[in-house]
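This report covers a predicted model.

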Amino acid sequence: MALLVTLNGTQVRGRPGQTILELAQENGVDIPTLCHHADLSPLGACRVCVVEVEGSRTLVGSCHTPIADGMVIHTHSPKVLESRRVIVELLLASHSGVCYMCDKANMCELRKIAAELDVGLPRFQVRKHYYPLEDVSPYIARDLTKCIMCRRCVRACNEVAKHDVFAIAYRGFDSKIVVDFDQPIDKEVCRDCGVCIPFCPTGALSQPRETKTEKKGKPLVVTS
Amino acid sequence: MPEKRVVLKNCGVIDPQDIASYLAADGFKALEKALKLHLKQVIDEVKASELRGRGGAGFPCGLKWEFASKAQGNEKYVICNADEGEVGTFKDRYILENDPFSLIEGIAIAGYAIGAKKAYIYLRAEYHFLLDLLQNAIAQAKKKGFLGHLDIEVREGAGAYVCGEESALMDSIEGKRGEVRYRPPFPPTSGLWGKPTIINNVETLTNIPRIILNGAEWFGKMGTEKSKGTKVFSVSGDVAKPGVYELVLGSPLRELVEKLAKAEKVKTVQIGGATGRIIPYAMIDASLSFESVLGAGAITVFDESRDIIDIVGKTMEFLAEESCGKCTPCREGTEVMVETMERLGRGEGLKKDIKVLEELAETMMLCSMCGLGQAAPIPVVDSLEHFRGEYENRIRQS
């Protein structure tokens, strides 16, 4: 049984149980996503993938909303684009650091979406999330300053690696991804896996750097 | 319209510790009547009464029951939302304190109607002192044989405002961090532990025995076209007589605020708590109904000595603190609003602030996952509409 859906003015066919995002991808319509990942369960947290469905009071997250027969969807209406821009601006407003100082700037999905949506410097003034760099573990380095709370690492650890290293703690603006009772991630709780690292859309999770052992408390001595 | 006691008819009349006094006041007659009917008849009666949810959203109660009744599933649940977290509401506490038996009877009827064997009362953490009273009432009803078809358990919350939201509430009962879920699926098809679930407010469920006993027609005679019945209001703030009042829906706000609660020199009234509407004194003749303004029944009155920027700023602080932090617009947006309101409060507003607030509010209302984020900008939007001058005064002139 095929479902008939109007996607940006064109009639297309979809299967029951398919999400709006899947339908759009099948039909060559590009909807930006951040917290969504094809290998992970949907979450709907970032709200970047919102689309307009006629008859709905609010915009709906396309990554988790199943299609229905007769649905009329607009993926790039002015309302949708403006909302997406504001959301990316919000993420950038508290996301710390400058991109050209970041190792992952080239592969950062947040930066890519910001560029696509024409978002420049955010209008919003809000305090930045600053957290100490966690580089104790030889397997993984965490910089929560760059975290955008997409929770891909939580789901990757849970669903792909079948571990439960990460959890969410605190509320609202202060919520963050924690390990144990908010301890820096070390080799005791998480070792030799690294599954979550490629899932991170920003530079929050990375392979530890080579220079790690020389960093703390020691002056840089140049020997020639 | 004068006060009319329908939901609160037993409050202060019966002894909440003793089921005998409730039985003397026609207690559990409605349940006996409902158990003799087919469950479809019970749902039809509730549907015919056009009872709408009293927790703020105003969803038709009968429709919700019908969805859950028709949903496939071997287990179904009834949840009573007693997580009365909205700022300035204390009507559910008043009902629980004075008439827990009516609520239990309502839950028992709901359980019969949708075919549930288990019901939960999600009690707010701050209402811990009511736990004994409730459990005593449940035990007495059980002893008298009224709960043969349904097991009622009281679950306590841990103090989060967002857990009054239905999906976060279910997460909390399941033992998880209280966070909203995306919808669809809606609770009547997939709720607690993925099973069909109905979630009703304390006041909604307390209305049920009255409707079953007296009939939908009797209920429909009260109220306006789209809002039937009565509503219990909790009035607080700058009033001489704060407290719980029950009025027929559609009554004017002025009657409640000025006549019953004896407020003077009113500047503004916040209706529905932190995420409620802020209306100026000029609109005090508005009617209290789902068509106009209502919310969960919290009426907070502010007199002329109060500052709007301060009121809105404090409200935003509360909402930012209570946001669960799952979706971006609510997590980041509330914090931006808090910091902007703080700046305005110091008289250091920027020229762009008003425009930025409006654009941010629009996105938050459109994109947030749950009612908290969607309704969080309402105080800002409403106050910008009615008290724009006070915002403009706070913008730095240089």
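Between chain A and chain B, 17 residue pairs are in polar contact, both residues of each pair being at pLDDT 80 or more. On the side of chain A that touches chain B, the elements giving two or more residues are helix 2 (78-94) and strand 7 (166-169) of chain A. Helix 2 of chain A supplies the largest share of that side, 8 residues. By residue class, the side of chain A that touches chain B holds 19 nonpolar, 10 polar and 8 charged residues.

The rule finds 6 salt bridges across the interface of chain A and chain B. One of them links A:Arg127 and B:Glu335, with 3.0 Å between the closest N and O atoms.

The extent of the interface is listed below.

| Item | Value |
|---|---|
| Residues of chain A in contact with chain B | 37 residues |
| Residues of chain B in contact with chain A | 36 residues |
| Area buried between chain A and chain B | about 3,100 Å² |

Carbon and sulfur atoms give 53% of the area buried between chain A and chain B. In chain A, the residues that lose the most area to chain B are A:Leu90, A:Gln125 and A:Arg171, together 21% of what that side buries.

In chain B, strand 4 (residues 197-201) is mostly covered, with 5 of its 5 residues buried. In a regular strand, side chains alternate between the two faces of the sheet. For strand 4 of chain B, B:Thr197, B:Ile199 and B:Asn201 lie on one side, B:Ile198 and B:Asn200 on the other, and all are buried. Strand 4 of chain B runs parallel to strand 1 (residues 77-82) of chain B, and 5 bridges join them. B:Val78 has B:Ile198 in strand 4 of chain B as its bridge partner.

Terms used
Residues numbered from 1 in each chain as written. Chains lettered and ligands numbered in written order. Predicted model: local features only at pLDDT ≥ 70, side-chain atom pairs only at ≥ 80, totals over all residues. Heavy atoms only, no water. Contact = heavy atoms within 4.5 Å. Buried area = accessible area lost by both parts, 1.4 Å probe. Salt bridge = Lys/Arg side-chain N within 4 Å of Asp/Glu carboxyl O. Polar contact = N/O pair within 3.5 Å; in protein donor to acceptor, adjacent residues only side chain to side chain. Helix = DSSP H or I, 4+ residues; strand = E, 2+ residues; numbered from the N terminus. Nonpolar A, V, L, I, M, F, W, Y, C, P; charged D, E, K, R; others polar. Buried < 20%, exposed > 50% of the residue type's maximum accessible area, 1.4 Å probe, protein only. Pairing = 2+ DSSP bridges.
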